[in-house]
Structures are given as C-alpha cells and as structure tokens.
Amino acid sequence: MSHPRLDLEPAGPALGAFVRGIDLHEPLTDEVVTDLLQAHAEFGVLFFRDQHLTPEQHIGLAERLGVINVNRFFAAVAGHPQIAEVRKEPAQTTNIGGGWHTDHSYDQIPALGSLLYAIELPPAGGDTVYASMYAAYDALSEGMKQMLEGLNAVHSSRHVFGAAASRPGDLTGRLGNAGAATQDAVHPVVITHPRSGRRALYVNPGFTVGFEGWTAEESEPLLSYLYQHAVRPEFTYRFQWLPGSLAFWDNRCTWHFAVNDYQGERRLLHRITLEGEALVEPMPALREVSPGG
Ligand code: SIN
C-alpha cells in the first residue's frame, strides 16, 4: 500500500474506501494529498463522512487535489461557477446522472474525477452506485482482452447535452448551454490508468457512441456485452449518502449511477470536477529477444 498516512477502510471488495480521521476543513499536507491521490487511483472512489463544507472550503479542497474543470452544461451554484449543482426538486421526476456513465469521457482530455458533496437528501433512497472498470477489465477472457486492446472508441456529448438531445423537459434550468455540446473524442477502449498503472475498461453507456472505424450497428452488440458485464454486482458498490458526506471518484477507472428512487423529495449535492490528462492504451507486451537472435 502506498498511502501510509491514511486510515482507510475498504467499502466493497471491488472498489471504494472510507477515509477516516481526516478533517477536510484543515489544510492537507503535501504528503496527505499524495496519499489521497494514490488511494483514489487504487480504490476508484474515496468516501468521507461528516465534513459539512462551505462552497469555499469545497473549492479549496478541490484546488489542493488538482485543477478545477468548470462544467459547461450543469447549472452552477450562485456565485461559484466552479461548483456544478446536482439538484432534484420534489416536483421534478428526472434526476441528473440517472444512468451508468463516467463524467467527461467526451473530452479529448477527460476529467480526473469529481468531488460530490451532499447537502440535502431524501429521507430514504438517492444512493449512488459505483462500478470498477479495473474489475470489469480483469474479469474478461484473455481473448476478449486481446481484441479490445487494439480498439479505440468514439465518445460524444452531443446526444446527451446537445440541442438535438431528447431530454425530459424538467431538466430545463438544471442543464443548459446546448451549443457547447460539440465534443467528440476518441480514446482507447482499454487504458492504462495514469497513476495506478492498472488496465481499465474505458467505454461507458452514457457517452460512448461506437468503436472507431465501426458502424453503430456493428458496435452495438459488443458494447452491449461490455455494458452488462461491467455492472456485474461483484464489481459495484452502493453508497448511501448522509448530509456532509463527500465522495471523490476517479473517472478513469469507475462508472457511477445516481439512483432515482425518491420521487416527491428534494436531493441537493454540489459537484466539482478536476482536470485529467490524456489517456493512453497499455504498452504492448515486450517481446522476448533471444540472446544472439
Ligand atoms: C453525477 O452523475 O455526477 C451525479 C451523481 C449523483 O447525483 O449521485
């Protein structure tokens, strides 16, 4: 383990860890920041309880962990453009993030991760489920792994945030700026995580539109297979929020799904997303060179 200064309790067998004994109001030392980023890459998502942060403290924490990416599509918290509002009012029926996805895969350089902080929650429900794309990749057959490692996939924001997106009307005011949804990006289907060095499956039902060079019809069966494989229960962890909880997930090796099971109730969280780095495919296995050959 390369995070000696942290008190971590694994959340589930495949992913997630609760971080104990850290008060996020206090300045984090450089060593603790390094350990948190390492644990984040290893566990996929870190959970903190009882933090009760102001927007300024949430921003300060994010700036300690990385560079903030100002979201183009979510309504922002008043006075804090760095914070995207994840809100559902009692009269609204559609939630934000209510399908499996990983944030910003439509960007050329996808976001590192997000820090989602809970303010107001329904009396029951409103959990977020996470899935490990390390576990999903590891469980594939060697034949499937070899085939996927040669492939790239196209990701897009257009069908979700663009003008032609078929979005339920009650998301109006919570999502906007459709004119900015012009991104398509191509990423390897299997990536090497930039910090952990582990391989992860990098396609997702929210934003992946097909394999590069394949038609949508050709892509669909293999994507469908990967999508149902990737959310096998043993690869997932379901997090129950409490006011003051904060989840810091890694977009490169996890998916998430906000469960919409609290109709008639309010749920309000604040999300800050951090800039990432370009994703690379795994290095081809080094060929053995016979001595003298
Ligand atoms: C999101 O997809 O960023 C929102 C997740 C949630 O509300 O739990």
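Reader: Which helix is M147 found in, and how are helices picked out here?

Author: M147 belongs to helix α4, residues 142–148. Helices (H or I, at least four residues) and strands (E, at least two) are DSSP runs, numbered from the N terminus. Before going on, some ground rules: residues are numbered from 1 along each chain as its sequence is written, and side-chain values use heavy atoms, with hydrogens and water left out. You're also looking at a predicted model, where local features need pLDDT of at least 70 and side-chain atom pairs count only at pLDDT 80 or more, while totals for chains, interfaces and linings use all residues.

Reader: Is M147 buried, exposed or partly exposed?

Author: Buried means under 20% relative accessible area, exposed over 50%, and partly exposed in between, using a 1.4 Å probe and protein chains only. M147 has 40% relative accessibility, so it's partly exposed. M147 and V189 are 42 residues apart in sequence, yet their C-alpha atoms are 9.9 Å apart in space.

Reader: What is the strand order in the open sheet of 3 strands?

Author: Two strands pair if DSSP finds at least two bridges between them. Here the order is β10-β9-β13, with antiparallel pairing. β10 (184–188) and β13 (208–211) are the edge strands, each with a single partner, so one side of each has no neighbour in the sheet. From one strand to the next, the twist averages 30 degrees; axes are lines fitted to C-alpha atoms, for helices over the stretch in contact, and angles run from 0 to 180 degrees between N-to-C directions.

Reader: How many bridges join β9 to β10?

Author: Between β9 (residues 152–156) and β10 there are 5 bridges, and the two run antiparallel. V154 stands opposite V186 in β10.

Reader: Which residues does H270 touch?

Author: Contact means heavy atoms within 4.5 Å. Leaving out residues up to four places away in sequence, H270 touches H58, V77, I83, A84, L115, L116, Y117 and I119. H270 sits in strand β17, residues 267–274, and counts as buried because its relative accessibility is 9%.

Reader: And which residues are around the ligand?

Author: A residue is near a molecule or strand if one of its heavy atoms lies within 4 Å of it. Around the ligand you'll find V86, G97, H101, L116, T128, W249, H256, A258, R267 and R271.

Reader: How far is an N or O atom in the R267 side chain from an oxygen atom of the ligand?

Author: That distance is 2.8 Å. For H101, a side-chain N or O atom is 3.0 Å from a ligand oxygen, and for H256, a polar side-chain atom lies 3.1 Å from one.

Note on methods:
A polar contact is a pair of N or O atoms within 3.5 Å; within protein, one must be able to donate a hydrogen and the other to accept it, and residues adjacent in sequence count only if both atoms are side-chain atoms.
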